[in-house]
Amino acid sequence: MSMYGRDPWGGPLEISHADSATDDDRSRNLDLDRGALSRTLDETQQSWLLAGPGDQGKKKKKYVDLGCLIISRKLFLWIVGGLLGAAAFAGFVTLIVKAVPRHHKPPLPPDNYTLALHKALMFFNAQRSGPLPRHNNVTWRGNSGMKDGLSDPAFRRSLVGGFYDAGDAIKFNFPSSFAMTMLSWSVIEYSAKYQAAGELGHVREIIKWGCDYLLKTFNSSADTIDRIAAQVGTGSTTGGSSPNDHYCWMRPEDIDYPRPVTECHACSDLAAEMAAALAAASIVFKDNKKYSQKLVHGATTLFKFSRDQRGRYSAGGSDASFFYNSTSYWDEFVWGGSWMYLATGNSSYLQLATNPTMAKHAGAFWGGPDYGVFSWDNKLTGAQVLLSRLRLFLSPGYPYEEILRTFHNQTSIIMCSYLPIFTSFNRTKGGLIQLNHGRPQPLQYVVNAAFLAAVYSDYLEAADTPGWYCGPNFYPTGVLRDFAKTQINYILGKNPRKMSYVVGFGNKYPKHVHHRGASIPKNGVHYNCKGGWKWRDSKKPNPNTVVGAMVAGPDRHDGFKDVRSNYNYTEPTLAGNAGLVAALVALSGHENIGVDKNTIFSAVPPMFPTPPPPPAPWKP
């Protein structure tokens with residue numbers, strides 16, 4: 001019988017020997033096949049299985065695994081190549097842009113206030129006594145007063161250094177201390193503006209020069225003192241023809257006549273003003289801890305002396321009474337106490353400065369024709385503005401609030417009196433306010449008022465206060481800045497004479513300044529006491545320009561005599577220039593740069609106790 005049967009569906013039916021395998025063999029083969037199927041296939045094996053009959057001859061596509069994404073290798077290369085090309089193009093464009101010359105928009109030129117500020121500070125360089133630093137930048141000045149203090153047989157201690165007061169060579173501590181306080185106040189409020197003008201280092205150096213000298217005039221290392229050197233040199237001409245700093249007309253570098261030291265043992269006004277100067281400077285130099293602490297210690301010693309040994313430094317017909325006579329020491333107690341509190345944070349000083357009896361003695365409730373006039377003699381107005389600042393920003397509350405509110409209201413009234421609509425003070429036809437009521441040398445008072453108006457305006461702005469009331473009428477803060485600007489503009493040349501009263505500023509300014517060093521040429525010739533008189537009386541302009549000196553100013557009719565011998569018109573002073581510098585920096589630069597709200601309070605502790613921490617959460 002044939003081994004091949006017939007397939008009922010057609011075709012032979014072949015019987016394989018494999019079909020004859022036993023059931024056990026088939027079971028074993030099935031187990032092997034399951035093991036093979038359970039093994040994971042690699043990518044190539046999967047492609048063999050998945051490929052159809054027509055895919056066997058095609059090239060296998062390659063992929064790139066990016067972790068979270070699998071893309072074809074060709075697309076990946078296109079993307080990478082595109083990114084590299086874009087980076088190369090961007091770099092090429094950047095090189096081209098940098099290579100092309102650019103035309104920068106020129107910075108705005110400095111305003112007149114900034115330009116005048118540079119010059120006004122130079123006046124202090126011209127007034128330096130002692131060994132001058134190499135960078136003093138006043139070519140006609142040299143070392144002078146190198147034996148001050150040592151040459152006085154009754155004193156015999158060094159008083160080398162400091163500043164000459166005006167056009168002479170006397171060193172008066174009273175006005176020079178006020179000048180240092182004013183400069184420090186302006187730096188504390190407007191350090192950013194000084195920095196923008198490039199003058200911050202310069203003004204700090206001036207303040208340190210003045211304070212270093214003040215520290216020499218008393219035993220600054222002691223806690224208690226009994227005397228202060230108040231003055232070097234004399235100026236009174238009542239003694240006839242005895243050589244002194246007013247009778248003689250000499251360059252400071254050539255002085256050979258005696259320069260006696262005047263000491264005081266009961267001088268509350270002078271000591272409190274010196275304390276204010278050192279205290280304010282300690283805030284300026286708070287970045288120099290050792291020096292700042294030295295200033296604070298000296299200020300503390302001085303203020304204690306001012307309270308313990310009562311008296312006016314210029315009493316009894318002293319030499320100072322002819323030039324810088326102090327009318328009272330109560331205003332210095334309020335002023336100095338305010339600065340002592342700001343420098344130390346000791347509340348006892350604030351209690352003193354806000355004592356109603358102290359304010360009464362200082363004249364806070366008197367009124368009168370000179371109320372609101374801030375000067376080297378009367379500091380009450382400055383103290384009222386300073387304490388109003390304390391109320392605006394810290395609001396210390398009880399027990400200070402009542403007197404602080406009174407000072408704040410009085411400050412508002414004083415600011416009203418500066419406005420043209422009110423008649424507290426007359427004005428010249430040219431617009432200059434007559435704070436000294438037509439008396440000579442008006443500009444020193446004007447610049448102080450301009451500074452107070454500008455800084456108080458900035459206080460209100462910083463406190464988000466749009467203005468203040470004068471009676472029933474509300475005035476925006478801008479009118480105070482306008483007042484300050486009109487007065488400073490007058491001084492800088494916007495006046496009927498079209499003359500700048502700051503030497504070296506503008507095209508027309510005084511050329512016959514009452515100043516010994518500026519009026520005598522530096523030609524190697526030693527002119528003795530009377531030998532310099534020919535330069536004093538000369539009709540020719542000064543051979544040396546005392547840059548930045550603000551002269552005494554015009555009269556009440558806007559008239560001015562550019563005559564060297566008439567000091568009421570042409571003599572500059574330290575105190576006057578300090579007020580000018582303060583007003584100029586307050587008005588300089590962009591108006592959006594206001595006062596530094598916090599630096600002045602750096603030593604003041606929190607006015608209220610810190611609240612306790614919240615209790616821990618309750619746990620069952």
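Let me start with Cys416 and Cys470, which are joined by a disulfide with an S to S distance of 1.9 Å. A disulfide here is a pair of cysteine sulfur atoms within 2.5 Å. The torsion about that S-S bond is about -95°, so the link of Cys416 and Cys470 is left-handed. The two cysteines sit in distant parts of the chain, 54 residues apart: Cys416 is in helix H13 (residues 401-418) and Cys470 is in strand E8 (residues 467-470). Helices (H or I, at least four residues) and strands (E, at least two) are DSSP runs, numbered from the N terminus. Both Cys416 and Cys470 are buried. Buried means under 20% relative accessible area, exposed means over 50%, and partly exposed is in between, with a 1.4 Å probe and protein chains only.

Before going on, a word on the source. This is a predicted model, in which local features need pLDDT of at least 70 and side-chain atom pairs count only at pLDDT 80 or more, while totals for chains, interfaces and linings use all residues. Residues are numbered from 1 along each chain as its sequence is written, and side-chain values use heavy atoms, with hydrogens and water left out.

How many disulfides does a search of the whole structure find? There are three. Another of them joins Cys248 to Cys529, S to S 2.0 Å. The link of Cys248 and Cys529 is left-handed, with -90° about the S-S bond. This pair also ties together distant parts of the chain, 281 residues apart. Cys248 is in the loop between strand E6 (228-232) and strand E7 (261-264), and Cys529 is in the loop between helix H16 (516-519) and helix H17 (533-536). Cys248 counts as buried because its relative accessibility is 1%. Cys529, at 13%, counts as buried too.

The remaining pair is Cys264 and Cys267, with an S to S distance of 2.0 Å. The torsion about the bond between Cys264 and Cys267 is 65°, and the link is right-handed. Cys264 and Cys267 are both buried. With the bonded cysteines numbered in sequence order, the pairing reads 1-6, 2-3, 4-5.

Now the chain as a whole. Its secondary structure comes to 19 helices and nine strands. Of its 620 residues, 50% count as buried. Among contacts with a separation of 6 or more, 72% are between residues 24 or more positions apart. Contact means heavy atoms within 4.5 Å.

H6 has 17 residues and spans 25 Å from first C-alpha to last, close to the expected 24 Å. That expected span is 1.5 Å times one less than the number of residues. The buried residues of H6 include Trp209, Gly210, Cys211 and Tyr213. Cys211 counts as buried because its relative accessibility is 0%. What do the buried residues of H6 pack against? Their partners are helix H4 (112-126), strand E5 (171-172), helix H5 (173-197), E6, helix H7 (268-284) and helix H8 (289-308).

Next, the largest pocket, with about 1,300 Å³ of space. Of the 50 residues that line this pocket, the closest to its centre are Phe323, Tyr324, Trp376, Gln441 and Tyr445. The lining divides into 18 nonpolar, 23 polar and nine charged residues. Helix H12 (380-393) is one of the helices that supply at least two lining residues each, and the largest share, three residues, comes from H12.For the terms: on a 1 Å grid over the protein atoms alone, a pocket is an open set of points where a 1.4 Å probe fits, with protein on both sides within 12 Å along at least five of seven lines, and lining residues have an atom within 4 Å of a point. Grid points are joined across faces, edges and corners, and the volume is the space filled by probe spheres set on the points. Ala, Val, Leu, Ile, Met, Phe, Trp, Tyr, Cys and Pro count as nonpolar, Asp, Glu, Lys and Arg as charged, and the others, Gly among them, as polar.

Last, the backbone. The peptide bond from Tyr398 to Pro399 is cis, with omega near 5°, and Pro399 is in the loop between H12 and H13. Asn137 has a positive phi, near 65°, and counts as exposed because its relative accessibility is 59%. His437 also has a positive phi, near 55°, and is partly exposed at 34%.
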